[in-house]
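Open the model in your viewer and keep the sequence panel beside it. The stops below say what to select and what is there.

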Amino acid sequence: NMRPALARTNMTLWWIACALVCAVYVFSAPRVWQCEGVDEIEYLGLAHSIARGFGYTLYGQPYVVYPPLYPFVLSLILGHGAWLWRWLYAANALFGAMGLIVGATWLRSRFGRAGNWAGWFTIFSYFAWSFSTRYLLSEPLFFALSVGVLALAWRVLCEDRARWWMVLLVAVGALLCAATRFGAVALTAAICISALLKWIRERSRVAL
């Protein structure tokens with residue numbers, strides 16, 4: 001009887017810790033522009049152009065350097081009024097926190113005792129190095145999407161039979177990652193290599 005009670009207590013403490021960490025990220029987000037540099041200026045310029053109906057342009061010219069999803073998300077906030085400007089940072093921090101919580105919870109649920117320790121370590125170590133939650137950069141959104149895609153791909157590869165809707169979610173998630181950062185090339189390669197190795201070892205149709 002002690003083990004289920006300890007498990008419930010541990011899970012309760014876990015979700016309390018997640019809520020507190022998320023609150024720290026969101027409520028400590030900057031309230032004014034941090035002026036990180038060229039990247040941030042261009043993301044904001046693109047979001048402003050989209051919100052004003054000028055399309056994916058910067059200074060009146062079509063833009064082809066950064067993928068469009070992150071500026072589009074920022075434009076959804078800017079499109080509701082300039083007074084929402086200060087909430088761009090909070091939304092950015094929330095993306096990073098959601099990726100962190102989902103990833104750390106996935107570690108706890110999949111890898112037993114080692115995963116439990118890894119989850120606790122992960123959730124308390126993210127803030128120190130994640131400078132991108134402090135600036136308007138696409139890393140937090142890409143991080144959240146990537147964690148979701150990797151967790152789904154893992155689940156698909158652990159199944160005996162592939163569920164079409166889960167495979168579709170992995171594909172859509174990978175496309176959204178690619179529309180956020182070009183680092184999705186590495187993410188897609190990791191998923192494909194994992195599937196290939198599973199097929200070589202087990203001749204699994206799920207991997208195909």
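The tour goes from the overall fold to single residues and pairs.

**Ground rules**

This is a predicted model, in which local features need pLDDT of at least 70 and side-chain atom pairs count only at pLDDT 80 or more, while totals for chains, interfaces and linings use all residues. Residues are numbered from 1 along each chain as its sequence is written, and side-chain values use heavy atoms, with hydrogens and water left out.

**Whole chain**

Show the cartoon first. The protein has eight helices and two strands, where helices (H or I, at least four residues) and strands (E, at least two) are DSSP runs numbered from the N terminus. Their order from the N terminus is α-α-β-β-α-α-α-α-α-α. Along the principal axes, the C-alpha atoms fill a box of roughly 60 × 40 × 25 Å.

Of the 208 residues, 40% are buried; buried means under 20% relative accessible area, exposed means over 50%, and partly exposed lies in between, with a 1.4 Å probe and protein chains only. The protein exposes about 12300 Å², and carbon and sulfur atoms supply 70% of that area. Accessible areas come from the Shrake-Rupley method with a 1.4 Å probe, and for residues only the protein chains shown count as cover. Among contacts between residues at least 6 apart in sequence, 68% join residues at least 24 apart; a contact means heavy atoms within 4.5 Å.

Y59 sits in the loop between β1 (57-58) and β2 (61-62). Its phi is near 55°, a positive value in a residue other than glycine. Most residues other than glycine have a negative phi. Y59 is exposed, with a relative accessible area of 70%.

Now go to R203, in the segment after α8. R203 also is not a glycine and has a positive phi of about 50°. With a relative accessible area of 54%, R203 is exposed.

**Select helix α7**

Helix α7 covers residues 164-178, and W165 is in it. Show W164, W165, L168, L169, V172 and L176 as a surface: these residues form a nonpolar patch with about 620 Å² of accessible area together. Patches are made of residues with over 30% relative accessible area and no salt bridge; like charges are joined within 9 Å, and nonpolar side chains (Val, Leu, Ile, Met, Phe, Trp, Tyr) within 5 Å. W165 is partly exposed, at 39% relative accessible area.

**Select T180**

T180 lies in the loop between α7 and α8. Leaving out residues up to four places away in sequence, T180 touches P67, L69, S138, L141, F142 and L145.

**Select the charged pairs**

How many salt bridges does a search of the whole structure find? The search finds three, a salt bridge being a side-chain nitrogen of Lys or Arg within 4 Å of a carboxyl oxygen of Asp or Glu.

- R181 and E139 form a salt bridge, with the closest N and O atoms 3.6 Å apart. R181 is in the loop between α7 and α8 (184-202) and E139 is in helix α6 (residues 139-158), so the pair ties together parts 42 residues apart in sequence. R181 is partly exposed at 27% relative accessible area, and E139 is partly exposed at 25%.
- E159 pairs with R155 in a salt bridge, the closest N and O atoms being 4.0 Å apart. E159 is partly exposed at 22%, and R155 is partly exposed at 35%.
- E202 forms a salt bridge with K198, at 2.9 Å between the closest N and O atoms. E202 and K198 are four residues apart in helix α8, so about one helical turn separates them. E202 is partly exposed at 47% relative accessibility, whereas K198 is buried at 10%.

**Select the cysteines**

The structure holds zero disulfides, a disulfide being a pair of cysteine sulfur atoms within 2.5 Å. For C18, the nearest cysteine sulfur is that of C22, 8.9 Å away. C18 is buried, at 1% relative accessibility. For C177, the nearest cysteine sulfur belongs to C192, 13 Å away. C177 is buried as well, at 0% relative accessibility.
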